[in-house]
Amino acid sequence: MSTPQFLTSALLPVPHGFATRAGGVSEGPYASLNLGFSVGDERPRVEENHRLLARAAGARLGALCRVSQVHGDVVLEARGEADEVLRPTLGEADALWTEGEGSWVAVGTADCVPVLIVDPRGRRVAAVHSGWKGTDLEISARAVEALEARGSRPEDLLAAVGPCIQACCYEVSAELGDRFRARFGPDVVRAGEKPHLDLPLAVKSSLVKAGLKSGQVDVLQACTACDRERFFSHRRDAGRTGRHLNFVLHRF
Ligand SMILES: [Zn+2]
């Protein structure tokens with residue numbers, strides 16, 4: 001068995017990763033590193049995948065903080081100590097952050113946009129799940145605001161936008177295209193017979209509006225729908241697929 005493989009961003013100065021599907025024990029449509037409990041996979045396999053992830057990340061399983069994602073714009077702070085078992089989610093939210101040493105925060109995705117944010121000065125880390133609804137609600141900006149409320153400065157933040165469904169594969173309705181064009185400008189919709197939405201660009205636009213400069217945001221060029229070997233894709237696989245975890249450790 002191989003070990004979990006992650007994509008990383010050269011911009012982030014702490015351990016982090018955007019997990020691919022490689023290196024887990026799940027089978028069939030969940031092969032192999034499925035980290036979603038609510039997608040129809042066998043629970044013991046998903047639990048084992050979390051153990052493998054923690055080992056590969058060099059982190060304690062009990063220090064992993066997650067949320068129950070609901071496509072909203074709520075941001076939660078993760079606190080507290082941990083033993084060696086996977087803790088329940090903090091509650092319903094789509095972003096979480098921590099300033100607790102040794103903690104790590106993560107969000108699950110399979111086409112939606114994962115965003116990891118690091119404040120090297122204030123020593124805070126955040127993870128954001130931004131599908132089209134969360135992007136429309138500008139949850140990435142809400143996460144920046146939550147960090148600011150605790151003393152972070154936007155000019156210190158570094159953000160990485162991970163693998164997600166990209167404009168090549170993300171055809172949307174004319175209505176949704178118009179909505180995003182109005183909010184984020186013409187570049188977020190690729191014109192053609194049917195509009196194609198550039199979600200990561202919209203997310204970057206939110207982060208820039210929140211005070212980050214363009215150079216503080218790294219957008220990884222990896223489309224979950226294009227790359228069947230490396231990624232789960234909710235759209236490509238018609239809903240029967242696994243979930244990736246995208247994580248960042250509080251280890252400065
Ligand atoms: Zn694609």
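**Exercise 1. Arg 123**

Task: State whether Arg 123 is buried, partly exposed or exposed, and give its relative accessible area.

Solution. Step 1: Arg 123 has a relative accessible area of 47%. Step 2: The classes are buried (under 20% relative accessible area), exposed (over 50%) and partly exposed in between, computed with a 1.4 Å probe on protein chains only. Step 3: Arg 123 is therefore partly exposed. Step 4: This residue belongs to the loop between strand 7 (113–119) and strand 8 (124–130). Helices (H or I, at least four residues) and strands (E, at least two) are DSSP runs, numbered from the N terminus.

The model is predicted: local features need pLDDT of at least 70, side-chain atom pairs count only at pLDDT 80 or more, and totals for chains, interfaces and linings use all residues. Residues are numbered from 1 along each chain as its sequence is written, and side-chain values use heavy atoms, with hydrogens and water left out.

**Exercise 2. Backbone angles**

Task: Find the phi of Arg 123 and that of Glu 138, and describe the peptide bond from Ala 31 to Ser 32.

Solution. Step 1: Recall that most residues other than glycine have a negative phi, and that most peptide bonds are trans. Step 2: Arg 123 is a residue other than glycine with a positive phi, near 55°. Step 3: Glu 138, also not a glycine, has a positive phi near 55°. Its place is the loop between helix 2 and helix 3 (139–148), and its relative accessibility of 9% makes it buried. Step 4: The bond from Ala 31 to Ser 32 is cis, with omega near -5°. Ser 32 lies in the loop between strand 2 (16–19) and helix 1 (43–57).

**Exercise 3. The largest pocket**

Task: Describe the volume of the largest pocket and the residue classes of its lining.

Solution. Step 1: On a 1 Å grid over the protein atoms alone, a cavity is a set of points where a 1.4 Å probe fits but cannot get out, whereas a pocket is an open set with protein on both sides within 12 Å along at least five of seven lines; lining residues have an atom within 4 Å of a point. Grid points are joined across faces, edges and corners, and a volume is the space filled by probe spheres set on the points. Step 2: The largest pocket holds about 780 Å³ of space. Step 3: It is lined by 30 residues, of which Gln 69, His 71, Gly 108, His 129 and Arg 243 are the closest to its centre. Step 4: Strand 6 (104–109) and helix 2 (132–136) are the elements that give two or more residues to this lining; strand 6 supplies the largest share, four residues. Step 5: By class, the lining has 14 nonpolar, eleven polar and five charged residues. Here Ala, Val, Leu, Ile, Met, Phe, Trp, Tyr, Cys and Pro count as nonpolar, Asp, Glu, Lys and Arg as charged, and the others, Gly among them, as polar.

**Exercise 4. Cysteines**

Task: Determine how many disulfides the whole structure has.

Solution. Step 1: A disulfide is a pair of cysteine sulfur atoms within 2.5 Å. Step 2: The search of the whole structure finds zero. Step 3: For Cys 112, the nearest cysteine sulfur is that of Cys 164, 9.0 Å away, and Cys 112 is in no disulfide. Step 4: Cys 112 is buried, at 16% relative accessibility; Cys 223 is buried as well, at 8%.
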